Amino acid sequence: MQHMEKHSQTIRMGQGYFWQDLKVGMQLETFRRTITEADLVNFISVTGMLEFIFIDASNEHGAIRGRPVPGALTYTIIEGFILQGMIQGTGLAMLELHQAIHAPVLVGDTISAKVEVTGIRATS
């Protein structure tokens, strides 16, 4: 059995990137997560987004079939993915964000995000 050298530097699991480690054009993909009925109910309850399409499961006459969730719910879950996988524990902050919504998200849909670094700047 070969002897393995111990590294003097310990790397923290789950640690995000520091801004110096990022490169413009770098692309990252988040983990995936399925949106549940509990996610919808908890989110609309805490935010007060009690719109008919979110609270009436029998809504069959609307433009969106199924149990749509607010766009803000989808966005905040994705921001959580980014926090957990990219910026956790580093002090890194997203100073600007551009998002594209391709379709409504429904209870039972599985979401993820692709992130591209388009600019980097040091700030205080």
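Modeller: Gladly! One term comes up at once: a residue is buried when its relative accessible area is under 20%. Please also keep in mind that this is a predicted model.

Let's take helix α3, which covers residues 71–87. With 17 residues at 1.5 Å a residue, α3 should span 24 Å, and its end C-alpha atoms are 22 Å apart, which agrees. By the cut-off above, the buried residues of α3 are Leu73, Thr74, Ile77, Ile78, Gly80, Phe81, Ile82, Met86 and Ile87. What do they pack against? Their partners are the strands β1, β2, β3 (110–111) and β4 (114–116), together with helix α1 (37–47). Just after the helix, Gly89 takes a positive phi of about 75°.

Much of this belongs to a wider picture. The largest nonpolar core has 21 residues, and Ile35, Val69, Leu73, Ile77, Ile78, Met86 and Ile111 are those with the most contacts inside it. Helices α1 and α3 each supply at least two residues of this core, and α3 gives the most, with 7 residues. Ile77 makes a handy example: leaving aside neighbours within four places in sequence, Ile77 is in contact with Arg33, Ile35 and Ile111.

Is Thr30 buried or exposed? Its relative accessible area is 14%, so Thr30 counts as buried. Apart from neighbours within four places in sequence, Thr30 is in contact with Phe81 and Ile82, and also with Ser112 and Ala113. A polar atom of the Thr30 side chain lies 2.8 Å from the backbone nitrogen of Ala113.

Now let's step back to the whole chain. It has 3 helices and 4 strands, and along the sequence they follow the pattern β-β-α-α-α-β-β. The radius of gyration is 19 Å, well over the 14 Å that the globule rule gives for 124 residues, so the chain is more spread out than a compact globule. Along its principal axes, the C-alpha trace spans about 65 × 40 × 25 Å. Buried residues make up 25% of the 124 residues in the chain. Among contacts between residues at least 6 apart in sequence, 81% join residues at least 24 apart. Finally, the accessible surface of the chain comes to about 9,800 Å², with 55% of it belonging to carbon and sulfur atoms.

Technical notes: Residues numbered from 1 in each chain as written. Predicted model: local features only at pLDDT ≥ 70, side-chain atom pairs only at ≥ 80, totals over all residues. Heavy atoms only, no water. Buried < 20%, exposed > 50% of the residue type's maximum accessible area, 1.4 Å probe, protein only. Polar contact = N/O pair within 3.5 Å; in protein donor to acceptor, adjacent residues only side chain to side chain. Contact = heavy atoms within 4.5 Å. Expected span 1.5 Å × (residues − 1). Core = buried A, V, L, I, M, F, W, Y, C linked by side-chain atoms within 4.5 Å. Rg over C-alpha atoms; globule rule 2.2 N^0.38 Å. Areas by Shrake-Rupley, 256 points an atom, 1.4 Å probe, with all protein chains shown as cover.
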